[in-house]
Amino acid sequence: MRLWQLSRWVILAASAIGPTLCVRPATASPVDGSWAVRDLVLDIFNCEGSVCGKVAWTKDPHRRRNECGRTIVWGLSPDGPQAWSGGSIFDPTDGNTYQLSATLETDGTLHARIYRGIPLFGKTEILRRVSSRSLDGWCA
């Protein structure tokens, strides 16, 4: 077999086998589900191995049209069994994007640390789990 034929077979074999080696089954995170924070509910889900969140409900019906279904949390990577870091959050009220880390506490709440630059100077929001579609005006 000539070198170019061998190379072609190696490329074909790698292209056939490679994708199966890279595919990981999606595993649920312990924070997957619906979480309420202030006047907003986020649906937290696995997105390509990290944790993301999209708006599932907002108290203000005028904001629903623009915010429903919008992904505002992305890139949270596991930092232990109950902790995530390296994420971002978009605040639709001020139009800014902030850095984000989160910890699932033993009482079942999710503590989200929102900051710019240094976590020490940020703020912590406490999210509580809620039943999906439990509020009037839930996003479609």
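So, reading along the sequence, the protein chain goes α-β-β-β-α-β-β-β-β-β. That comes to 2 helices and 8 strands, where helices (H or I, at least four residues) and strands (E, at least two) are DSSP runs numbered from the N terminus.

Before I go further, the housekeeping. This is a predicted model, so local features need pLDDT of at least 70 and side-chain atom pairs count only at pLDDT 80 or more, while totals for chains, interfaces and linings use all residues. Residues are numbered from 1 along each chain as its sequence is written, and side-chain values use heavy atoms, with hydrogens and water left out.

Now the chain as a whole. Of the 140 residues in the protein chain, 32% are buried. Buried here means under 20% relative accessible area, exposed means over 50%, and partly exposed is in between, with a 1.4 Å probe and protein chains only. The protein chain exposes about 9,100 Å², and carbon and sulfur atoms supply 57% of that; the areas come from the Shrake-Rupley method with a 1.4 Å probe, and for residues only the protein chains shown count as cover. As for contacts (heavy atoms within 4.5 Å), take those between residues at least 6 apart in sequence: 30% of them join residues at least 24 apart.

Let's zoom in on serine 34. You'll find serine 34 in strand S1, residues 33-37. Is serine 34 buried or exposed? Buried, with a relative accessible area of 5%. Its side chain makes a polar contact of 2.6 Å with the side chain of aspartate 43. By polar contact I mean a pair of N or O atoms within 3.5 Å; within protein, one must be able to donate a hydrogen and the other to accept it, and residues adjacent in sequence count only if both atoms are side-chain atoms. Leaving aside neighbours within four places in sequence, serine 34 is in contact with Val41, Leu42, Asp43, Arg128, Arg129, Val130, Ser132 and Trp138.

Next up, lysine 123, which sits in strand S8, residues 123-130. Lysine 123 is partly exposed, at 40% relative accessibility. Not counting residues up to four places away in sequence, lysine 123 touches Arg38, Ala112, Arg113 and Ile114. For one of those, alanine 112, the C-alpha to C-alpha separation from lysine 123 is 8.2 Å, with the two residues 11 apart along the chain.

Last topic: the cysteines. How many disulfides are there? The count is 2, taking a disulfide as a pair of cysteine sulfur atoms within 2.5 Å. Numbering the bonded cysteines in sequence order, the pairing is 1-2, 3-4.

Another disulfide joins cysteine 68 to cysteine 139, S to S 2.0 Å. The torsion about that S-S bond is about -75°, so this disulfide is left-handed. Cysteine 68 lies in the loop between helix H2 (61-67) and strand S4 (71-78), and cysteine 139 is in the segment after S8, so the pair ties together parts that are 71 residues apart in sequence. Cysteine 68 is partly exposed at 29% relative accessibility, whereas cysteine 139 is buried, with a relative accessible area of 6%.
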